[in-house]
Amino acid sequence: MSDFDIKFGPWINYGNKNTKDEIKDKMAELINSPWSPFNGQDMAKVFIFCMSYGCAKGMEPVKPPGNGSMPASAFDKEMRDYMKFVAIAHNEDFEIATNPNEVVKICEGYAYAAFLEVHDKIKNRTSSPDPSDILEKLINEVSST
Amino acid sequence: MSDDIRLLSVEIQNYRQYYGNHKLNFASREEGFTVIMGKNGEGKSNLLNAINWCLYQEEPHGMGDDDNEHESDNKSLSIINNRYIKDTKPETRADLKVDIWIQKGDTVYSITRTMGILKHELEEKTLNSGKKVVLLKDDPMGFRIPKGCERLEAPFSNFVVTKKGPHDTDFSDTIRWATPENQVKDILPQSLSKYFLLDGEFLEAFWKKSKNIKEGIEQISQLHLITGALKNIQTHMMIPSKGFSKDTDDMTNKIREFDRFENSRDKDGNESWTDDPRYKNDPSLEETYYHSTGQPRIDDIDEDIEKISDKKQKISQEIKSSGFGAKESLKEQYAKLEAELEELETTVNSTSDTFVYNLIKKGPQIMLKNAIKKSVDVIDKEIRGGGLPVKYKKLFADSLLESKLCVCHEILEPGHERTQHVIDFKDSLVGKEENDDVALLADDYKRFFLHNIDEFSKKYFIDPRKSLADATEKFEKLDQEFTIVKEKLKKSGGKDADELINEQAYLEELSKKLYELKLTATSDLKTSNKNRGEQQNELNKALDKNKKAAKVLHQLKKWDEIANTFQKAYDELKDEIRQGVRDTTWKNYKNLLANDSEFTSFDIEPDYTVFLLDKDNFNKARNLSAGQSLLLTLAFVAAIRGPTGYKFPLIVDSPAGKVDGPNTHNIGKCLPDFLPDAQLTLLATNKEYTDYISPDPDYPKMPNTPVCKLFEEKINVQHFKIQKDKNPDSENVGNSSIMLGKLVFQDGTEEKRGWMVVADE
């Protein structure tokens with residue numbers, strides 16, 4: 001596999017300054033609550049999941065308020081690859097993949113746009129409490145389109 | 001001279017089975033192994049207890065169930081030898097004593113514990129057989145002594161440590177500033193004793209508790225000293241005093257609240273408890289309650305989960321070995337199903353974890369399928385249009401400049417406008433080399449993902465989902481079957497079976513409830529710690545603006561730096577030691593296993609979770625057979641000696657008690673090379689040591705050579721024999737002797753023919 005990589009840094013913004021929607025608390029809920037399939041995972045995985053969901057669903061990216069608060073080091077190469085593809089597809093320009101700041105900006109927009117929907121769908125699910133069920137449901141919802 | 005520790009001798013006087021005086025001199029590693037042979041119940045475990053009692057005043061080995069007493073348990077024996085106490089005249093004193101000589105570096109320590117007992121009139125009971133037995137009682141310290149006796153305090157009971165250095169002529173009590181307890185702590189700390197005084201029970205159950213792995217690594221390598229220091233710094237120094245402004249005072253108060261939450265304390269600093277009573281495995285114990293919050297609450301829950309797990313195992317054992325009226329086949333079925341269910345539960349959990357992890361980690365790739373496809377199309381279009389690769393464009397420009405001929409066949413003269421165009425074109429490519437990497441990345445995803453989506457989905461989602469569904473279905477089916485067998489067993493086993501099975505079901509439910517409570521408590525603590533960190537940052541910012549606070553803030557920052565340095569040192573050391581122990585354990589284990597391809601990998605995670613994967617990638621760490629667990633523990637104990645630098649002597653009781661033939665053979669072959677610098681003493685039965693190894697259909701070529709002869713090929717062995725007095729009158733007073741032994745071949749009838757250790761008269 002290709003070993004091409006770019007350095008993001010140092011912080012990624014998921015919108016924790018949005019106090020009205022309590023984004024920060026909701027992110028903490030997702031990674032700490034027993035009901036969440038992301039329980040015990042880091043925020044970067046939630047971010048990538050939301051970004052992918054938002055991008056696949058064709059959402060409009062929304063710039064999150066404030067500055068970055070997630071360390072870029074939490075994003076492994078595979079995650080950074082996904083982010084590059086999101087940016088290329090969004091701009092329809094492959095050169096953007098070599099510009100970390102632009103890649104991050106676009107991805108933050110998708111992740112922030114989708115975050116509340118993903119959170120609410122997970123938290124308020126009335127179906128099976130099984131963590132794999134809700135994740136599959138979310139993935140299938142946007143993958144068939 | 002190194003600080004290696006060597007056990008020189010143990011002298012036992014009137015302790016439990018041992019009437020009179022018995023002395024054992026241990027072989028050093030250079031001299032070989034020491035093997036002490038004895039049948040079950042003759043006093044092997046009490047040798048370990050004698051050492052433990054002498055060093056730490058505790059007797060943890062072979063004490064049986066707290067709730068149930070059996071004749072075979074040590075509880076049916078008095079700590080002082082029954083024959084000796086019977087022989088003692090009323091109203092006189094009887095002493096029991098254990099004296100251990102240990103060498104640390106070039107200093108020899110003599111550690112002696114004595115218990116004085118005053119005999120009045122013994123109380124006896126006549127059994128149905130007409131035999132009289134002495135009744136026993138527990139004294140306030142928990143020691144079992146004969147009724148009609150009392151334990152005497154100092155100076156009749158005492159604990160003395162003396163030492164003899166290389167230039168001393170005799171032992172002297174020269175370390176006056178240290179108590180004997182502290183001196184022993186310095187030589188062989190009690191917290192580590194379970195890693196050098198090993199019994200079969202401990203070895204067998206070791207991997208069921210991750211606490212053992214954590215303690216083994218952290219205590220032996222003294223990492224707990226760093227965490228202790230870190231905790232002190234954090235507790236006492238991290239919060240600046242109040243009084244700068246209302247804002248900062250409020251923030252400081254909030255931080256203190258978070259700290260109280262973490263340590264389960266109320267506003268006055270007292271421990272805070274809930275009204276929720278904790279699990280008791282002994283109904284006679286006093287009621288205790290769970291801490292309200294934080295780490296103490298999590299620790300309480302963990303402790304109870306472990307207690308419940310132990311109790312469940314004991315109940316299972318009791319059901320399997322019970323005498324109640326159930327048919328043998330039903331009990332066998334029960335035991336088999338129970339073991340299978342336990343294994344399946346682990347499988348269900350691990351397949352579920354794998355599937356959820358795949359959905360989180362690889363699910364985005366599936367969701368981004370269209371975005372990846374679109375990106376690949378953009379790049380392919382560029383390649384088709386000649387925009388990529390940049391490398392080729394550069395080569396093209398270079399070749400034009402070198403040949404001095406343009407694509408339009410005009411000459412590229414130096415300084416000419418046409419030539420400058422080509423140079424500008426080449427310069428414009430500088431810094432664009434990464435675009436080729438983007439193209440390569442897209443090509444990878446095209447070939448390995450877009451062209452193989454079905455395979456990708458199968459690998460990460462379909463197969464794991466199927467594995468999970470299969471395992472869950474199998475579990476549910478087996479669970480139903482188990483319920484039916486339990487019902488049958490209850491009916492045929494009567495009230496006893498009914499109570500045991502009901503208790504087991506109750507414990508199962510309680511255990512589930514505690515796991516949920518733990519999840520919530522852990523989640524609450526994580527949130528509280530996160531909020532504390534943020535509040536601390538806010539406070540630092542606010543204090544930064546306050547001149548009066550500058551000095552305090554400076555101190556705070558310094559303490560922070562110190563704490564961070566400690567934390568970093570701890571993390572690095574812990575990781576290094578953990579990885580070293582992991583690698584050596586795995587290497588050792590593979591050497592000890594009869595079939596080294598049975599497991600494919602071994603890992604100890606940073607949180608000390610252990611993964612021992614089999615060929616199907618199932619984690620078997622908590623579901624090992626008795627033999628496998630025993631071998632893995634031996635491998636681990638050997639491994640923690642290396643990177644942790646703690647060279648203690650090992651005494652292992654029943655090393656091959658439940659190990660099958662092929663693995664017993666491996667122990668015999670590998671143990672002499674396995675711990676090249678460890679002083680090793682084995683307490684073994686003839687089945688483990690002198691009997692011919694049982695054949696195994698899977699290993700038809702395995703020789704049946706007994707362990708004693710396998711050892712003999714590589715190492716000298718010093719033998720001792722524990723022998724019980726055969727006189728029926730001495731029964732129940734427990735008269736055993738320890739004698740120097742020798743290995744002989746008995747050429748008797750077919751059944752009695754073979755090797756044995758006999759007393760060297």
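These notebook entries record what I looked up in a predicted model with chains A and B.

**Conventions.** I number residues from 1 along each chain as its sequence is written, and chains are lettered from A and ligands numbered from 1 in the order in which they are written. The model is predicted, and I note that local features need pLDDT of at least 70 and side-chain atom pairs count only at pLDDT 80 or more, while totals for chains, interfaces and linings use all residues.

**Confidence.** I looked up the model scores and found ipTM 0.95 and pTM 0.59. Chain B averages a pLDDT of 81 (the predictor's confidence in each residue, from 0 to 100), and 89% of its residues score at least 70. Over residues 64-74 of chain B, pLDDT stays under 50. For that stretch the model has 16 contacts beyond four places in sequence; two residues are in contact if their C-beta atoms, placed from the backbone, lie within 7 Å. Where pLDDT is low, the predicted coordinates should not be read in detail.

**Chain B against chain A.** I found 34 residues of chain B in contact with 35 residues of chain A. On the chain B side, two or more residues each come from helices H10 (328-367), H11 (369-384), H14 (434-448) and H15 (453-544); helices (H or I, at least four residues) are DSSP runs, numbered from the N terminus. H10(B) gives the largest share, 10 residues. By class, this side of chain B has 17 nonpolar, nine polar and eight charged residues (Ala, Val, Leu, Ile, Met, Phe, Trp, Tyr, Cys and Pro count as nonpolar, Asp, Glu, Lys and Arg as charged, and the others, Gly among them, as polar).

**H3(A) on H11(B).** I looked up helix H3 (residues 77-91) of chain A and found that H3(A) and H11(B) pack at about 65° with their axes 8 Å apart; axes are lines fitted to C-alpha atoms, for helices over the stretch in contact, and angles run from 0 to 180 degrees between N-to-C directions. The two helices are therefore roughly perpendicular (65 to 115 degrees). Phe85(A), Val86(A), Ile88(A) and Ala89(A) meet Ala371(B), Ile372(B), Lys374(B), Ser375(B) and Val378(B).

**H12(B) on H13(B).** Lys394(B), Ala397(B), Leu400(B) and Leu401(B) of H12(B) make the contact with Val422(B), Phe425(B) and Lys426(B) of H13(B). This contact has five nonpolar, no polar and two charged residues.

Definitions and conventions. Angles under 35 degrees count as roughly parallel, over 145 as roughly antiparallel, 65 to 115 as roughly perpendicular and the rest as oblique.
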